[in-house]
Amino acid sequence: MNAGALPDYRIFTDATADFPAGMPAGMPRVAIIPMEVTAGSDSFLYGPGGNLTVARFYAMQRGGKFATTSQINPAAYVQFFESALKEGFDVLYLCFSSGMSGCFGNARLCMDDLREAYPDRRLICLDTLAAPAGEALLVAEAARRQQEGMMLEDLAAWVEAHRLQACHWFPVDCFDHLRHVGRISAAATVGSVLNTKPLLQVDAEGILGVVKKPRAGKIIQYVRRIRSIFVSFISGQVLEAFILGSMVFAGTAIFRFPHACPSARWSC
């Protein structure tokens, strides 16, 4: 490898990785494989070169269209991976959690076939065990380490050692969309009809599950109580300050302290 050159491998991930706007542009050796999304009766391609934006996706969700994603087609994996192999690069694929998708299995099968066609090249498929935000963090950190010169096997070992350090905790208003796409079991969604605001987590096996289901009414009660205490405290402080200030002013005026009552004059 020439001095100052990047290690001779490319990092691939899928469109489930939730990168902030502009971040992929700063990762020159990272390729994002698009995914097919179906919303209602319409099909879209989400990712680079696709025809579905984040804004449009959520607009359709708010409009009542349930969305489902399809596993990445094996032909797409072959197309992306082989393009790098033909250029003389090795491949590292950081995949969406196998606990929520079958993409990891498909990618491994494709790599097995490509190894026969490219025996001199190295192909590594890693399960991030992560959901979109955690997956994006791992990919971004992997890209940074690659740019610092970390070799393929070392980076793969680093990802495996640190992938469970990405913690996924988030609330949702309801289970409807998660249940529709099969991301969470029907048994776990029973509480959705009981006026709850569920707290979800991706566990160590990359599976999405419910941590807690606090009742919405209880949350609102807590918020109102905290607000009442805060308002009472502030109003009480203001009232006490007003009373104390009035007493100090009256006392200084009665005793004719000149700094408190400018018109007062000392007389002995």
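Accessible areas here come from the Shrake-Rupley method with a 1.4 Å probe, and for residues only the protein chains shown count as cover. With that settled, I looked up the total: the protein's accessible surface is about 15900 Å², and 59% of it belongs to carbon and sulfur atoms.

**Ground rules.** I am working from a predicted model, where local features need pLDDT of at least 70 and side-chain atom pairs count only at pLDDT 80 or more, while totals for chains, interfaces and linings use all residues. Residues are numbered from 1 along each chain as its sequence is written, and side-chain values use heavy atoms, with hydrogens and water left out.

**Overview.** I found 7 helices and 10 strands in the protein; helices (H or I, at least four residues) and strands (E, at least two) are DSSP runs, numbered from the N terminus. Of the 268 residues, 33% count as buried, where buried means under 20% relative accessible area, exposed over 50% and partly exposed in between (1.4 Å probe, protein chains only). I also checked contacts, meaning heavy atoms within 4.5 Å. Among those with a separation of 6 or more, 63% are between residues 24 or more positions apart.

**Strand S6.** How many residues of S6 are buried? I get 6 of the 6, so S6 is largely enclosed by the rest of the structure. Asp90, Leu92 and Leu94 are buried on one side, and Val91, Tyr93 and Cys95 are buried on the other.

Next I looked at the neighbours of S6, taking two strands as paired if DSSP finds at least two bridges between them. S1 runs parallel to S6, joined by 5 bridges, and Thr13 has Leu94 as its bridge partner there. S7 is also parallel to S6, with 5 bridges, and Leu126 in S7 stands opposite Leu94.

**The core.** I define a nonpolar core as a set of buried Ala, Val, Leu, Ile, Met, Phe, Trp, Tyr and Cys residues joined through side-chain atoms within 4.5 Å. The largest one has 44 residues, and Tyr77, Phe81, Leu92 and Tyr93 touch the most other members. Several elements supply at least two residues each, including strand S1 (9–14), strand S6 (90–95) and helix H3 (103–117). H3 gives the largest share, 6 residues. A second, separate core of 7 residues includes Phe96, Met100, Val172 and Leu208.

I then followed Leu92: leaving out residues up to four places away in sequence, its contacts include Phe12, Ile124, Leu126 and Leu155.

**Aromatic rings.** Rings of Phe, Tyr and Trp (its six-membered ring) pair if their centres lie within 6.5 Å; planes under 30 degrees apart count as stacked, over 60 as edge-to-face and the rest as tilted. I count 5 aromatic pairs by this rule. One of them, Tyr77 with Phe81, is stacked, at 5.5 Å centre to centre and 20° between the planes. Both residues sit in helix H2 (residues 74–86), 4 residues apart, about one turn of the helix. Are they buried or exposed? Tyr77 is buried at 0% relative accessible area, and Phe81 is buried at 0% too. Ring pairs also link Phe12, Tyr77, Phe81 and Tyr93 into a cluster.

My last stop was an open sheet of 3 strands, in the order S4-S3-S5 with antiparallel pairing. Its edge strands are S4 (42–46) and S5 (67–69), each pairing on one side only. S3 (residues 35–39) is joined to S5 by 3 bridges, and Thr38 has Thr68 of S5 as its bridge partner.
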